[in-house]
Amino acid sequence: MTTDFSDRLLRWFDISGRKHLPWQQQISPYRVWVSEIMLQQTQVATVIGYFERFMQRFPTIDQLADASEDEVLHLWTGLGYYARARNLHKTARSIIADFNGEFPTNLEQLVALPGIGRSTAGAIISIACGGRAAILDGNVKRVLARCFGVYGWPGQTPVANTLWEIAERLTPTRRVNDYTQAIMDLGATLCTRSRPDCDQCPMLETCVAHKTDEIERLPGKKTRQAIPVRSTYMLLIENSEGEFLLEKRPSLGLWGGLWGFPETEPALLDAVLENQALEPVAAQVILPFRHTFTHFHLDITPLHVRSSRSSHPIGEPDKLIWYDLQAPQAIGLTRPVTRIFAQLKGLQKP
Ligand code: SF4
């Protein structure tokens, strides 16, 4: 079964697989690692531009390690899941400090680095080094659950263990780099979440989900639970130069290390405005909106205010900046900030 599966997959890949994605060129552990981290939770089409800009700015791991966290987060702005960028930066520094700038090539050392899980480590070893190691990213989980009829949500340990066993068993010793790209590709292009293109699939004859008409059921889904709602005021504090005050968020927690608007709880709004001598701008132009995280909704009310102070409000100076929309600084911004600035720019157009 093992050889048959990989042979069919490789035959399909030779004819129909994608071979021109930017991270499939000049393959190296560094490029494979960055692409794998970007591709977690993010579509290929979105990642391409981010990957190219990232590689242009940081062509080597040394340059990434030398950069400031602000610059790394700046290049990540809009990709989401910012812990990925902070871990990427930490791992680059650790590889320079502890491995003399060379990527480790064994699984145990790789998974000990920040942000590198077993699947990412498997991709680095197999694609960049040609070593036999399995991967199990979201696309591969879907392909294997459907092909072999593995029921249940892959986030549950017993289901994940079964999928890992199958993935390990199927991984060939020959052409392991192509095999790894091929199985990810099959999930991304044919065996898609909805409406997979089974007629073109090399696994059509043996696929359990197809035979039993259970494609919709596989892989199993997580049972949805209602998530709580929180609310906040975001203060768009504008000075006399038309610049906005941003503060750096703590490294740990929501939007860690990014720059956001100062916030206040609804109950404290009046006291904050009074203490900081802030005057609400007469017309409220930005509408409240909801930002949804995996574990809660955040209802955001933007409040455009003017500061009568010429300097910073009370706070740590290196954690506060006046952000100039006409000459923006290279820093990472939270999603609400990019959204609100885009709206403000739109409103300013003649
Ligand atoms: S036959 Fe269809 S469901 Fe089965 S692996 Fe191929 S594309 Fe996916």
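Contact here means heavy atoms within 4.5 Å. The structure is a predicted model, in which local features need pLDDT of at least 70 and side-chain atom pairs count only at pLDDT 80 or more, while totals for chains, interfaces and linings use all residues. Residues are numbered from 1 along each chain as its sequence is written, and side-chain values use heavy atoms, without hydrogens and water.

**Helix α5**
- The buried residues of α5 pack against α2, α3, α4, α6, β2 and β3; helices (H or I, at least four residues) and strands (E, at least two) are DSSP runs numbered from the N terminus.
- Within α5 (residues 69–76), Asp70, Val72, Leu73, Leu75 and Trp76 are buried, that is, under 20% relative accessible area with a 1.4 Å probe, protein chains only.

- The chain is assigned domain 1 (2–217) and domain 2 (229–348), with bounds from an automatic or database domain assignment.
- Nine residues from domain 1 and 15 residues from domain 2 make the contact.
- About 890 Å² is buried between the domains, counted as the accessible area (1.4 Å probe) lost on being put together, summed over both parts.
- Asp70 forms a salt bridge with Lys248, the closest N and O atoms being 2.9 Å apart; the rule requires a side-chain nitrogen of Lys or Arg within 4 Å of a carboxyl oxygen of Asp or Glu.

**Strand β2**
- Strand β2 (residues 244–248) runs antiparallel to β8 (residues 320–323), joined by four bridges; pairing needs at least two DSSP bridges.
- Leu246 stands opposite Ile321 in β8, and Glu247 opposite Gly260 in β3.

Note on methods. Buried means under 20% relative accessible area, exposed over 50%, partly exposed in between (1.4 Å probe, protein chains only). Buried area is the accessible area (1.4 Å probe) that two parts lose on being put together, summed over both.
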